[in-house]
Amino acid sequence: MNRIKVLVVDDSALIREVLSRTLGKDGDIVVVGTAEDPLDARTKVKDLNPDVVTLDIEMPNMNGLQFLDKLMRLHPLPVVMVSTLTTKGASETLLALELGAVDFVAKPNATLSGGLEAFGENLRQKVRAAANSDVKGRAMRAPAANVPVRTAAAPSGALIAIGASTGGVEAIRVVLSQMPPDCPPIVIAQHMPAGFTSRFAGRLDELTELKVVEAEDRLPLLPGHAYVARGDFHLRVERSSGQLKCRITQDDLTSGHRPSVDVLFESVAKTVGPMAVGAILTGMGRDGARGLKLMRDAGAYTVGQSQGSALVYGMPRVAFEEGAVIEQAPVEAIAARLASALTRLKSAA
């Protein structure tokens, strides 16, 4: 068995020890070294040739973001950030994902929901996904030309639904940055823990022409707005008093997640049917495939991110294999495909 080689970078000796012990628990991951700061890490990346690096942000000599930026330019490797659950930590983590980190986990602490076992399982899953990600391919690809769609002409009652996991922060940014401000409401399920989704929505609001907010219960869905599912809560769409609205619940995990893409897509299939369009983007696992198939069966246009542009071709692959997507497209083309489908809806109305 080819074990996944990991370099742990953190200035805390305790955290380095906890991460090392946690990562090695199942036997398929081996910590080949630890580093207490980026200068130490730089040498060990060259000497140990790890498959994945776990990286703290706050460290002496050079902070994690500076090191990550240099690493992705000079020696691109899959990186999983180990972040603090603070407003500042959330902002820096999102910047790390924009710089090329594959994913992140919240640093274990005394209040961590589910305790150290849940943290460890989550960390190992993220490291496995990172090891299978196409970081070098992404680094070699030219940046997508940001050519916004001029209009998303659509009939009243139309809706856009998007689901993603690993790599989705950047993929969603690309799609939303190309959508025009007259587009129908957009609902988004991105696998992300509590404490990070508010800042994620705020960051998208800063970077796109849309008004992007964290979804709130019974919030009306308005054109030109995007609604991000709150971490640790499911997002559904309902129709009330003739208007589409958000429903936020904290019922059981679905497809292993909360928020679940399947939960969101299934509600869109039932509530909006053929007036919806949907996209499933990069991510590990199979969440979203079942819900997107329900959307397609209800008459919605559906698209999956193509393998060549997906950081992790997991969720889009399962959706494609199960007949949930009408077509696949690179991430930089998805906004245009969704807009075209909406224009066809307008013509048919």
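Mentor: The open sheet has five strands in the order β2-β1-β3-β4-β5, with parallel pairing. Strands here are DSSP E runs of at least two residues, helices H or I runs of at least four, numbered from the N terminus. Pairing takes at least two DSSP bridges.

Trainee: Before we go on, what kind of model is it?

Mentor: This is a predicted model: local features need pLDDT of at least 70, side-chain atom pairs pLDDT 80 or more, while totals for chains, interfaces and linings use all residues. Residues count from 1 along each chain as its sequence is written, and side-chain values use heavy atoms, without hydrogens or water.

Trainee: Which strands are at the edges?

Mentor: β2 (29–35) and β5 (103–106), each pairing on one side only.

Trainee: How many bridges join β1 to β2?

Mentor: Six, and the two strands run parallel. V8 has T34 in β2 as its bridge partner.

Trainee: What does helix α1 touch?

Mentor: α1 (residues 13–23) packs on β1, β2, β3 (52–55) and β4 (79–83). Contact means heavy atoms within 4.5 Å. The direction of α1 makes about 165° with that of β2. Angles run from 0 to 180 degrees between N-to-C directions, with axes fitted to C-alpha atoms, for helices over the stretch in contact.

Trainee: New topic. How do the axes of α9 and α10 cross?

Mentor: At roughly 10°, coming within 7 Å. α9 and α10 are therefore roughly parallel, the term for angles under 35 degrees.

Methods:
Parallel < 35°, antiparallel > 145°, perpendicular 65-115°, else oblique.
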